[in-house]
Structure formats: structure tokens, C-alpha cells
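This briefing sets out how the chains shown below are built and how they meet.

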There are 2 protein chains.
Amino acid sequence: MIAKPYLLFLADAKDRNSCKTAYGIAYWRPADCVGELRYPEATTDCGTPAMTVREAAQRGAKTMVLGLAPSGGALAPRWVETILEALDAGLDIASGMHVRLDSVAAIAERAQRLGRKLHDVRMPPPGIKVGTGRRRPGKRLLTVGTDCNAGKMFTSLALEKELRARGKAATFRATGQTGILIAGSGIAVDAVIADFISGATEQLAPANAPEHWDLVEGQGSLFHPSYAGVSLGLLHGAQPDLMVMCHDPTRKTMRGDVDHALPGIRECIALNEHCAKLTNPAAKVIGISVNTSRLADGEAKALLARLAQEHGMPAVDPVRTGVAPLVDAILASGR
Amino acid sequence: MIAKPYLLFLADAKDRNSCKTAYGIAYWRPADCVGELRYPEATTDCGTPAMTVREAAQRGAKTMVLGLAPSGGALAPRWVETILEALDAGLDIASGMHVRLDSVAAIAERAQRLGRKLHDVRMPPPGIKVGTGRRRPGKRLLTVGTDCNAGKMFTSLALEKELRARGKAATFRATGQTGILIAGSGIAVDAVIADFISGATEQLAPANAPEHWDLVEGQGSLFHPSYAGVSLGLLHGAQPDLMVMCHDPTRKTMRGDVDHALPGIRECIALNEHCAKLTNPAAKVIGISVNTSRLADGEAKALLARLAQEHGMPAVDPVRTGVAPLVDAILASGR
């Protein structure tokens, strides 16, 4: 568990894309963010109050979050200075970067000496066990996709929010670095040893109260030639009662791979349901979540209407239309 | 690459099961084994000449292979003594054990000082890349299975042998520790980081001459709730032209998992072919390999005949009948 609330570290970010993890945290967990630290050259923000490390500590911040990618991969000396300042001010550090915080000796030593925690959320925790496939109580919904980056995290978080708004017990379960920083906990399933993918997912979304919903963040796609193994282990470990299919209608080929066309939604639903039945015979896709941000409003609504009719299930865009129809379907599913 | 020939280290092995890796090496690569080192209490052997470390070195051994599981997981002091002796005599060490050779300081230091290599074959090599799914030349056959431990390694090696006997260029590609020690190279795909399963397999069985066959050792099963992610990544990375379905007819539930029944062979063929088409649209299962060792001869032959008829493809036991009918099917496949 990463201690909250957070100070978001934006450094000299020039656009929202370069600090999209910090932006995601501010968007989904505004109450968890006391503010953001921007260098003077920064030309974007996350909409939270700008402040120094010391001000953040005074306002109760427990952890400074590095939610952006360093250019060149290594930590700039100036970033290291700010991190050391934050440690001195009493904050832990959490990072979603590839470079490990403790790979910088000064950071490792200072944290050790002051008793602060360094969270590298891309690193799985030790002690993950092999999956068992054994049925466990609690309800689980997994977001799956025709491709990577098709809105699985966003959809899972939107479902959590809407279920809670309707008085249901629901917990977002994060499987990627941005989701883990938003939730304050989770496991980067793509970073575990291959034999433990389903086991990591079982640990992430453990047995729960019979009426409790876990919203498990999916990863990749069964149709992505690079990452399908991760997606299948996640599917088996999540043991989902229900799934939502996430899709980007403007993409023609799989992310980072021009050789492979995107699968059809019908084919992708069929394969996910077929494979999911191994650990949950009742597993079923009950809705479609589409990123229509690149479409005009009329076009987007026509597409959603067409998909809903073709597949006999609600089709939404979490941003444009909200996920209420998906939650209606979840609650009407009898699970 | 592990330098050959080998000295097989059997320690005080009491039965063939406890030294089955060493036995597998002696069975499949007799020419690569100068002999075996047994302590006086050993009550089994691999059929190669017994000898000391020094004798093995004199006869040209390059590597001592630890192909057995230490009881309790740790290396006994006596084993460490023998390993140090082997390093002194000029041999590298290769191990398929969970405990890392360099976790014993004396072994690490001696190897370093003498310039010997320590091969922990469960550890994947550094620098594995994400899979691309890009089509590559060369022919590949992957052994798949209804379950783990269903004869995939044995079948792959038997196919390599029979193809070579017919004058075809063929290479066994090892994906597990025993296979890697037999081949002298390979990658333990279940030990790589989840994101790199298909990439590791692409590296293991790279582009080759158009007429060359890679026989890729499968792992797990798409129907095993613990390991299916590994199996799917391997299937996509192997890009197999052909597959052979391996099966143990005496098993009722998945290995180590009493909750899940073995899948039907037809269902298992269908799912493997469906998923394999993502990276090789022509992928096809062309035969069945059955471990009939627990059946009487008449029963075994009746079963093989029934399976061949039911599925319209040859069904063999590599030990009882040999794999010639599978190789006939491979060569007749037009791939």
C-alpha cells in the first residue's frame, strides 16, 4: 500500500500526454492529491494547487508520485534533488518509471537512513504463488480488449465509481503502473515471472464478500501477438463473472504491430468467453466500452447504437455517455 | 551455449525419477556424455561409465551437469565439494536446480577466479525483447498438450531424431530445464518476465533456412489454470506451421489441480489451432502423441487406433510405436 495523500511531481512537463499518470490520479482520485510540484518551465498542469515539497508536507502529503517518463530513461540530477528534498520533508516516493528509484545510490541511502519507503510500482511484490484456479467468493468483472490501450483502466475506474454511486461495494484492482498509483496498490501483472501471471491476479483480487464487486483492470488482448500470454493468465486468474469488451474504433492494426489487423469484436468476445470458462463456467461479456474521442458526436452515437444492436448488449463511451448502461447490465445480470 | 561433452552428476540418487534429467541427457545425447559421477551410496545409474571428476576431465568432459533435485532445496556441503573439485579440474557447471549456483559464495568465487562458467538453466538470458509476431522463414513444429507433463519434450526430441534419420535438417528447441541441458542451449520460457514470453520464443527459434524444421518444446496447456499464459505466449512466439497434441490418457484432472478435468482432445486441438492462427494462419495439428506407458500393449494399441480414427490423424506413443507416422504426416503436409 502506498500512503496517501499524494504530491504529484510534474517536473517540466510540456503536455498532458507526458504526465498522463499524474493526470489520471488527479482525475480519478482528486481527494487523494494535495497538490502538484511543477518546475517553472512546465507548460501543463493537472488542475491541483501548485506547491513546493515543504508546503505539501505541511498540508499532510505522505507520498510524492513520479507519474511521468524521464526523457532518456535516466533520472535527471534536478529530479534527484527534488526527490531527496521530498524524503527530507518526510514523504515516501512512488514511481511508475522503468528506472528503479533505488538504482540511484543517493536516493536509496537517504530513504534508508530516514526510514522512508520507495515504491517502484512496476516491480511485483515478492512471494507471489502459482495460481490454483480454485473458485473463490466475491463477484469480479474484468475489462478485456480488442487491443492494448483500448480504455480498460478508464472503464474499470468508471464502473467502480458508478457502482459505488449506486451504493454497491466495489473495488478497482490495478494491474498496470498508472492504475496502481491511482489505487495506491496493485500488481503489475505484465512484470511478474510468466509462471505466476494467474497467481498474481488471484492475489490481487482475492476472495471477498459474496456481494462485493472487484473491477479488475485488464491488460493487452488475446489477439496481441506480443502480450496475449499476459491477457490469458489474467483472464484465468481473475475468474471473472462478467467482462466488458474495450475497443478503439479508429485503430486498424494492433498497437506497435502493423502486421496484425484488429480482431472483430464478435470474435474477440467469443474467445474471451471460451477461455474464461476454464475458471468460471458462467463468465460472460455483458457490454462494450468504446473510445470514441476521435469521432464527431453524431458519428460516435451512431457507432454505439450499431454496436449495441449487433451484439445485443449496451455499448458506451465512458467519457461521452458514461457507463450507467453497463452498470444496469451488471446489476441485471443476476450475478 | 553449454560446452559439451558432459559429466553427469548423480550424487547419491536412489532411483531414476530423482535423476531423470541426467537420465534424459544420457538417453537422448549419449555421445555428449563421457560418464557419470555417483557417490558410493547411489543405487541407480544412467548407463554411462562411472568416473571421478579428474577422470572425466582427462576424457575431455567440458561441463559437469547437475540434473537432479537436491533434497530440501539447498546444496549439501558434499555437493559443493564436488562442484569445487570439478571447477578445479577445468569443468564448467550447468544446473537445472532452483537454487542458483552462484548463491553459494565458494562456488561463485572459485568459478570467477578460474574463469569457469556457471549455467543456471532456469535463468533466462538477459536482453530478451518483446515479441513482434512478424512472420519469419523456416518451418516450425510445436508440441502442445492437454496438460503439463504430457510428453512434449520427449515427443519433440523423438521427432528431431526421426527427421534427421530421414536426412532432414531439424533442431530441437528447448524451453524447460531438462530440455536445455539435453540440447546444450535454450530458454526456460516459464521463467521469463510475462511481457516477454512470445519474444523469448521468437529468439529461441529464430528465422532459419526455408527447409529447416525447428521442433519447439511446448509447455503447459491452454487448459491449465495456472500456466495457460505461458502456453499461449509460446504458441504465438513459436509461429508453428504444425503442432502435435500430447496426451496422457490415464490422467483425469489437470496436474497439481484436482478441480479441473482434463480437456477433450478435440476441444484442445480446436483452441490451439484457433489461437495459433494469429501468428501463422496455416497452423494445424497433424498428429497425437500419447504416453501409454501405464496401459497394457493391447489396450494401448486399441487406444491409438481409436484416436487416429476419431481425429483423422496419426496417433502414436513415441516409446511404444515410435513417431514415424507423425514424420510421414509432417513430410506429407506440404509445409
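**Overall form**

A compact globule of 335 residues would have a radius of gyration near 20 Å, and the value for chain A is 20 Å, so the two agree. The model is a predicted one. The C-alpha trace of chain A spans about 55 × 45 × 45 Å along its principal axes.

**Fold of chain A**

- Chain A contains 11 helices and 11 strands.
- Of its 335 residues, 53% count as buried.
- Among contacts in chain A with a separation of 6 or more, 73% are accounted for by residues 24 or more positions apart.

**Nonpolar core**

- In soluble globular proteins, nonpolar side chains tend to be buried together.
- In this model, the largest nonpolar core has 206 residues.
- The residues with the most contacts inside this core are Leu7(A) and Leu8(A), together with Leu7(B) and Leu8(B).
- Setting aside residues up to four places away in sequence, Leu7(A) touches Val34(A), Gly35(A), Leu37(A), Val53(A), Ala56(A), Ala61(A), Met64(A) and Leu91(A).

**Domains of chain A**

- The domain assignment divides chain A into domain 1 (6-120) and domain 2 (139-332).
- The C-alpha centres of domain 1 and domain 2 of chain A are 29 Å apart.
- Nine residues from domain 1 of chain A and five residues from domain 2 of chain A form the contact between them.
- On the side of domain 1 of chain A that touches domain 2, helix α1 (residues 20-28) of chain A gives the largest share, four residues.
- By class, that side of domain 1 of chain A comprises four nonpolar, four polar and one charged residues.

**Relation between the two copies**

**Interface between chain A and chain B**

- The contact draws 30 residues from chain A and 30 residues from chain B.
- Helices α7 (197-204) and α8 (228-238) of chain A each supply at least two residues of the side of chain A that touches chain B.
- The largest share of that side of chain A, six residues, is from α8(A).
- By class, the side of chain A that touches chain B consists of 14 nonpolar, 11 polar and five charged residues.

Definitions and conventions
Residues are numbered from 1 along each chain as its sequence is written. Chains are lettered from A and ligands numbered from 1 in the order in which they are written. This is a predicted model: local features need pLDDT of at least 70, side-chain atom pairs count only at pLDDT 80 or more; totals for chains, interfaces and linings use all residues. A nonpolar core is a set of buried Ala, Val, Leu, Ile, Met, Phe, Trp, Tyr and Cys residues joined through C-beta atoms within 7 Å. A residue is buried if 20 or more other C-beta atoms lie within 10 Å of its own, exposed if 12 or fewer, and partly exposed in between; C-beta atoms are placed from the backbone. Two residues are in contact if their C-beta atoms, placed from the backbone, lie within 7 Å. Domain bounds come from an automatic or database domain assignment. Ala, Val, Leu, Ile, Met, Phe, Trp, Tyr, Cys and Pro count as nonpolar, Asp, Glu, Lys and Arg as charged, and the others, Gly among them, as polar. The radius of gyration is taken over C-alpha atoms; the globule rule is 2.2 Å times the number of residues to the power 0.38.
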